[in-house]
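Trainee: Can we go through this one together? I'd like to start with what the words mean.
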Amino acid sequence: MSSTESPSVSAASVLPRVAPVRVGEGERLRSVGLPGVTLTIRSRPPAREGLPPALFVHGLGGSSQNWSVLMAELDGVVDGEAVDLPGFGDSPPPDDGDYSVTGHARAVIRLLDAAGRGPVHLFGNSLGGAVATRVAAVRPDLVRTLTLVSPALPELRIQRSAVPTGLLAVPGVAALFTRFTQGWTAEQRVRGVTALCYGDPGRVSPEALRHAVEELDRRLQLPYFWDAMTRSARGIVNAYTLGGQHGLWRQAERVLAPVLLVYGGRDQLVGFRMARKAARAFRDSRLLSLPDAGHVAMMEYPDVVARAFRELLTEVDDLTEREATGRDAGRPADAGPRGTAEDATVTGAGS
């Protein structure tokens, strides 16, 4: 290991005294102990009994708070829970220090298996999109539908604006960056991330900015913060290089669940040009293009993403009903065409 590389930090040895994680109105947090990992889960009390379960998985550097607004939009539609991946949000590092895409996927699978909530409507953004894709491919029994917002799937030509994030995977770069930005305030860092992730940073309210600054200030005090960031970034890069059946594009082709793909036209981290490739790779996909959105469309245009998901849910429910009717009538149901992409282009949140 390079002398400039952050060592792996055992969760058992980390007991930092930091401010508590913010819990939004109507939300609750709980901690779930699983073999080799402890996960924090953010949820909202279901509006009524019997709602279908959903699980939301955040991206690199994010947390379950990234899904708070969308979960509120989907009140009464799903019984939603958002997970803090190991080493992020309020979840401590994994015992084995494994921050690979497979390691994160393993944590999600363990959570779903332990909770017995599957199959769920699984959501993923960026790194969480890669994780969710892997979960859906290897455990189709756990996934009812898959919604991916700017998923981190391999690109041959990486955008220049995404290079600095990828460089975090290089040993020693995080330490250099930490020294270079030593004088930066949490607000300066948040504004930089917002400019990178949002199509229009002006859509971030002063209250949301304040909450983001408070959360980053809290997380910068955690001794494993940069370790989780760098090793997870390295996990994405490593996943990009995998071929064969373990390659993410090959696994995308194996996903059986209906898929909703959401891509932003101003995304500086995941190329908008990848939208069509993704729509072809997933066998049962529909595509929502948001020309004005950046990398976190579920935070910029939560109402539009929620509406697209409700349409997907209606489509799936109608298909299930037709299949049941077909079985009752003693004939196969007409499931309709598969492997098609329905491209809806939205120019604004109110469209």
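Mentor: Start with "buried": a residue is buried when its relative accessible area is under 20%. Also, keep in mind that this is a predicted model.

Trainee: OK. Is Ser 150 buried or exposed?
Mentor: Buried. Its relative accessibility is 0%, so Ser 150 falls under the 20% cut-off.

Trainee: Where is Ser 150 found?
Mentor: In the loop between β6 (143-149) and α4 (163-167). Look at its backbone too. Ser 150 is not a glycine, yet its phi is positive, about 45°.

Trainee: What is phi for Ser 126?
Mentor: Near 55°. That is a positive value, again in a residue other than glycine. Ser 126 lies in the loop between β5 and α3 (127-138). With a relative accessible area of 11%, Ser 126 is buried.

Trainee: New topic. Which peptide bond is cis?
Mentor: The one from Gly 118 to Pro 119, with omega near 0°. Pro 119 sits in the loop between α2 (101-115) and β5 (120-125).

Trainee: Now helices. How many residues does α7 have?
Mentor: It has 15, running over residues 206-220. From first C-alpha to last, α7 reaches 21 Å. That is close to the 21 Å expected at 1.5 Å a residue.

Trainee: Which residues of α7 are buried?
Mentor: Leu 209, His 211, Val 213, Glu 215, Leu 216, Arg 218 and Arg 219. Note that the list includes Glu 215 and Arg 218.

Trainee: And what covers the buried residues of α7?
Mentor: The cover includes α6 (186-197) and α8 (225-241). Find those two helices in the viewer next.

Terms used: Residues are numbered from 1 along each chain as its sequence is written. This is a predicted model: local features need pLDDT of at least 70, side-chain atom pairs count only at pLDDT 80 or more; totals for chains, interfaces and linings use all residues. Side-chain values use heavy atoms; hydrogens and water are left out. Helices (H or I, at least four residues) and strands (E, at least two) are DSSP runs, numbered from the N terminus. The expected span of a helix is 1.5 Å times one less than its number of residues. Buried means under 20% relative accessible area, exposed over 50%, partly exposed in between (1.4 Å probe, protein chains only). Contact means heavy atoms within 4.5 Å.
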